[in-house]
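Open the model in your viewer and keep the selection tool at hand.

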Amino acid sequence: MCGIFGYVGKNNSAPTIVLDGLKRLEYRGYDSWGVAVVPEGKKESVIVVKKKTGKIGDASVSELPKGTLAFGHTRWATHGGVTDINAHPHLDCTKTIAVIHNGIVENHEELRATLIKKGHTFVSETDTEVIVHLVEEYLKHTKPAPRDAEPAFSKAVQQAFNDLDGLNAIILINTTSHEMVAARNGSPLVVGFGDGENFLASDPAALLPHTKQVHYLEDDEMAIVRDGSIHIFNARTGERVRPRKQLLTWSEKDAEKGKFPYFMLKEMHEQPGLLSEIASESPEQAKALAREIRESDRVYAIGAGTSGNAARAATYLFSDIANYLLNWGIASEFNHRLPIISESSMLIALSQSGETMDLLEVVKKAKDRGIKILSIVNVVGSSLWRMADLTMPIGAGPEKGVASTKAFTSKIAHLLLIAYAMKGDVASGQKLIIRAARSAQKVINSSAVDQIKNLAKALKDVRHMYVIGKGISFPVALECALKIKEISYIHAEGIAAGELKHGPLALVTKGTQCIVIAPNDETYHDVMGSAMELKARGAHVIGLSFKNDEAFDDFIPVMDAGEATIIPNVIVAQLLAYYLTIERGFDPDMPRNLAKSVTVK
Ligand code: M6R
């Protein structure tokens, strides 16, 4: 989940380059941050580190010495509290080796005990610190290498990496060889190819100002990154690996906030445009995937969080539009069902990042069993993308707000197109997405936003909210509740309208805040019945609907877009969550305890 950025080159402002890279990566973890540099021109001196708890904000590293080799880290704490000392980078006893790390070293306790017996002194509570002492220990036992022999430092990193249990990405530097040595198993790492300078990062978006040529490290791959060369090899066998260079398609501007105060607001505003683009793309891929789905025994859509809500929504889209029963599951729960799924089935893996560990774990196991994988993923080149047999890019551009917005609505648009392709009428799907884009534009640009802002002002101090939907609006209710709770910290629950009387209605008393999603579909009368039941018990009912009704105390109009109305409805939910967060004085881009890519289990 942590952000990693490393630089080696000729520019002696490496610490500043690294700090800028980290600022672009802060959404991956923001408990603390740190930068380490090998000072220029002092071969035998120690590595200098600056690290601090809290967000990177407008931090500076001007007090760090100049140097052409530096790396840094933004942390999402796993082992060890959020303190300056536990922040990365970590140093060995001699302060001449430094490490940054993403993942969990599962055998850190036994490694630590062995290293302490050998005389190493630990200063932090982290699992990470064992890595740097382990490399130090291996180096002690390595004779000075003759010219042309295998470099001692990378050999020691390789040995240490092979001792680690768990899923880890590591980078180490030292004061004597002008290089970064990186290794990956599970957690993502990408190498960036520059001109006389090279880079490492946990996320390709951070590399955009420097290079678009990248190599994604696969599991067990290591890289020795120097200013003039990049060597990639297998950490277990030592065999050389040819770089698989890929070109990043995003622009630097796509990954910036521009005129918006927060990434989330910018990303919400991009949605109408993205939807129009999806509707105007060639439908051939949707048609090909529709055929693949029809040819599979059974098809399961899975994802985590917002992507899990998209998977659940897909089941309604496929049954309503294509008369096809699509199974769905939450990624972290799906492992238990894999053994009973036939090899001729297909798994549709949905993900913005393509790095969500819960999802990757299922996909790996399914793939080993020969189950076909279709990934619908936003980050082209990500682990999920590379693992899949079939891929469909979401095409939403970089999404940096921790709360997923445009990736969700773009996923839904693609799924809707596939469902229409299965029906043999993809053109109608395209028309609906255009309608959804118009409806979304109306919500984002009209007086609806002022209404949402006013509503947020009125609701900012409530402690609980319930969101009710039926049919495809049930996943909308879940997504609305997820958005509200993750960024505004108000407890919100998504409830299937039909379930109210089976328990949740007991929570409703005078003034309970309830959002009712009532689109112009076959669920309308049932859901309005629920709205009346809520009102009869004193609830304050906020309606999201194509028309106003006496049951609604507040009403947000959402223009009907047929089966695609899920899209503008979710956008209203995103906006409400956003403005509630602003009213409550929190940062919507970096909610507490969360990070953008959940790369640990
Ligand atoms: O990158 P992914 O789509 O695989 O991420 C899955 C979830 O971690 C993500 O959707 C999370 O729930 C968001 N914070 C929700 O806004």
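Select Asn 102 first: it stands opposite Ala 169 in strand 7. This is a predicted model, where local features need pLDDT of at least 70, side-chain atom pairs count only at pLDDT 80 or more, and totals for chains, interfaces and linings use all residues. Residues are numbered from 1 along each chain as its sequence is written, and side-chain values use heavy atoms, without hydrogens and water.

Now show strand 6 (residues 97–103) and strand 7 (residues 168–174). They pair in the antiparallel sense over seven bridges. Strands are DSSP runs of E, at least two residues, and helices are runs of H or I, at least four, both numbered from the N terminus. Pairing takes at least two DSSP bridges.

Widen the view. Seven strands form an open antiparallel sheet, ordered 5-6-7-8-12-13-14. Strand 5 (90–91) and strand 14 (240–241) are the edges; each has a single partner strand, so one side of each lacks a neighbour in the sheet.

Pick Ser 307: a polar side-chain atom lies 2.6 Å from a ligand oxygen atom. For Thr 356, a polar side-chain atom lies 2.5 Å from a ligand oxygen. At Ser 404, a polar backbone atom is 2.9 Å from an oxygen of the ligand.

Methods. A polar contact is a pair of N or O atoms within 3.5 Å; within protein, one must be able to donate a hydrogen and the other to accept it, and residues adjacent in sequence count only if both atoms are side-chain atoms.
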